[in-house]
Amino acid sequence: MNIVVLVKQVPDTESPRKLKSDDSTLDRAAADGVINELDEYAIEEALKIKEAHGGEVTVLTMGPAKATDSIRKALAMGADKAVHLVDDGLAGSDALQTSYAIQQALGRTGFDIVILGSESTDARTGVLAAMLSERLGVPQITLANKVEIDGSAIKAQRVTDYGYDRVEATLPAVVSVVEKINEPRYPSFKGIMAAKKKPVETLGLGDAGIDAAQVGLANAATEVVDFADAPARAQGQIVTDEGDGGAKIAEFLASKKFV
Amino acid sequence: MPAVRHLPTSESEDLIALTRELAAKELAPRVTAAEREGAFPREVFATLGAAGLLSLPYPEEFGGGAQPYEVYLQVLEEIGAVWASVGVGVSVHALSCFPLFAYGTDEQRSAWLPGMLSGERLGAYCLSEAHAGSDPAAMRARAVRDGDSYVLDGAKAWTTHGGEADFYTVMARTSDDGARGISCFHVPAGTPGLEFDRPEDKMGLMGSTTATVRLEGVRVPAGNRIGAEGQGLSIALAGLDAGRLGIAAVATGLAQGALDTAVRYAKEREAFGRAIIDHQGLAFVLADMAAAVESARATYLSAARLKDAGRPYGREASIAKLIATDNAMRVTTDAVQVLGGAGYTRDFPVERYMREAKVMQIFEGTNQIQRLVISRHLAR
């Protein structure tokens with residue numbers, strides 16, 4: 001099985017995240033880059049599918065040169081090889097353009113299943129899986145918390161507001177996962193050493209057959225018009241229990257429309 | 001703020017990143033409760049073993065990571081920065097593997113070393129006795145040859161992992177020939193006659209079990225002797241220098257953890273209308289703490305590089321142990337001072353760091369013994 005897992009490098013959620021004042025894009029230099037957390041679950045699921053059904057796991061990353069750190073970690077976890085889509089012309093691409101660029105790269109790798117985290121902790125658009133499946137003309141299974149593959153059939157549970165739906169599709173397909181799906185493994189030092197010998201192919205726009213006029217900040221369909229710092233968190237409200245604590249909690253929850 | 005490191009290879013950078021991830025996700029959530037309850041975290045050693053962190057300085061043919069001490073010790077420091085008991089445990093485990101690795105036969109090594117280095121079998125090291133700590137040649141525990149086996153009798157004090165370990169590297173007397181009458185034995189847990197006293201009720205490092213090991217007619221095959229008869233003390237002494245570097249690294253990590261906690265607190269806590277780090281009196285305390293941590297790190301790394309180059313490093317190892325543990329005592333004490341009343345409570349970890357630092361001036365050769373070693377080198 002040809003399993004492709006999409007891995008994005010994002011700023012560490014532990015460090016302050018900022019947009020640049022000149023072009024309103026993410027300041028990637030300001031924070032340490034780490035693998036997008038949900039993508040670690042996607043990597044784990046890809047490795048599990050490989051372990052159960054055989055095949056090969058390819059990491060596909062679109063991002064600047066320093067994203068190689070995240071690619072190395074995915075390889076150390078056990079992926080077999082990687083494709084790194086890196087080109088200055090891609091900088092500032094929005095979700096629509098990213099889905100196009102990844103579609104083109106997938107044309108080179110081929111795939112039976114594409115797995116990705118259901119959203120990234122930086123942009124949080126959560127739309128890539130849907131856009132990709134539309135572009136590729138294959139089924140999408142989003143927000144999966146359980147995946148089973150049987151021959152060319154894929155069955156999954158996707159989380160909803162009311163519980164979960166059971167859905168089925170035929171491979172090839174695009175699957176986005178949530179954190180309930182598994183517990184990502186840690187790399188090991190042996191994995192780190194093995195990763196050094198695994199192939200990483202670097203693709204520029206031309207290599208991937210990407211039309212430069214369709215990607216990058218200047219050609220984006222969406223625009224960041226303005227941004228502001230998140231408001232400082234307000235002081236919490238302290239309720240003293242004078243025998244009526246339960247009622248006060250219910251009152252508070254009702255006022256916030258939780259109950 | 002994590003320590004700034006200059007590492008020799010990309011794999012060692014990835015290794016430090018892996019260690020920090022494991023420390024943050026596997027050690028940090030457990031440390032406070034385990035230290036309070038005195039619970040030994042065996043599962044943590046399994047996790048570290050599976051990640052390959054217990055075998056880093058050993059060659060690849062035994063499943064090791066073939067890493068220089070310069071790298072291995074920085075991994076140990078990162079572990080010590082989050083959980084000193086585990087850092088000490090990793091160092092003791094490495095020490096208990098050393099005699100087999102360095103003096104064992106090929107047969108012994110292929111039989112035992114892989115399980116030890118993978119962390120499946122956790123080690124303990126039995127050298128000290130109640131009356132023979134700084135002077136191991138005064139030991140009394142005996143091993144008497146009986147046909148194809150040895151029978152061990154005696155008591156070994158202050159054994160880290162005593163009662164928890166899967167194997168014990170035991171030094172015992174095979175003749176009355178003083179320092180030349182000691183031999184080294186591999187004793188698996190579960191061997192009849194291997195008993196343990198109730199663990200010591202210590203001031204700190206409660207997550208690391210310390211107990212007296214009783215040898216009451218413990219029979220092991222003659223093939224469990226490591227090295228020649230009478231070679232035991234020189235085997236023990238050969239492992240001590242590396243063990244001292246291990247403790248120096250753990251102590252440096254402990255001090256780094258205390259510094260980080262103090263700086264974080266000093267930036268948040270306000271007095272007289274500004275953060276206390278902006279008051280020079282405390283700012284200079286923090287600066288001295290940072291200088292002490294960095295100089296400890298530089299000192300142990302300097303000794304490690306000598307070791308990695310195959311040069312003698314005994315004097316430098318003793319200097320590193322002395323500097324790093326004395327600095328850790330001062331830095332952790334100052335961290336309590338920076339946090340003030342809060343630092344004296346168990347709501348914050350710095351009082352624990354201070355208790356943990358104290359023992360580092362005592363074990364693996366007291367700092368008085370380190371000064372003795374250093375001064376004897378000078379007198380040569």
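This report covers a sheet in chain A and a helix pair in chain B of a predicted model.

**The sheet of chain A**

Chain A holds an open sheet of nine strands with mixed pairing. The strand order is S9-S8-S7-S10-S6-S1-S4-S5-S11. S9 (163-170) and S11 (200-203) of chain A stand at the edges. Each has a single partner strand, so one side of each lacks a neighbour in the sheet. On average, neighbouring strands of this sheet are turned by 30° against each other, direction ignored.

Within the sheet, S6 (residues 113-117) and S10 (residues 173-177) of chain A run parallel and are joined by five bridges. A:Ile115 stands opposite A:Val175 in S10(A).

| Helix | Strands crossed | Angle |

Two packed helices are described by the angle between their axes and the distance between the axes. In chain B, H4 (residues 84-103) packs with H6 (residues 232-268) at about 160°, and their axes are 9 Å apart. H4(B) and H6(B) are therefore roughly antiparallel, as angles over 145 degrees count as such. H4(B) passes H6(B) in a right-handed crossing.

Residues of H4(B) in the contact include B:Leu95, B:Phe98 and B:Tyr103. Those of H6(B) include B:Gly239, B:Gly243, B:Gly246 and B:Val250. The contact residues divide into 11 nonpolar, six polar and no charged.

Terms used: Residues numbered from 1 in each chain as written. Chains lettered and ligands numbered in written order. Predicted model: local features only at pLDDT ≥ 70, side-chain atom pairs only at ≥ 80, totals over all residues. Heavy atoms only, no water. Axes fitted to C-alpha atoms, helices over the stretch in contact; angles between N-to-C directions. Helix = DSSP H or I, 4+ residues; strand = E, 2+ residues; numbered from the N terminus. Parallel < 35°, antiparallel > 145°, perpendicular 65-115°, else oblique. Left-handed = near helix turned anticlockwise from the far one by under 90°. Contact = heavy atoms within 4.5 Å. Nonpolar A, V, L, I, M, F, W, Y, C, P; charged D, E, K, R; others polar. Pairing = 2+ DSSP bridges.
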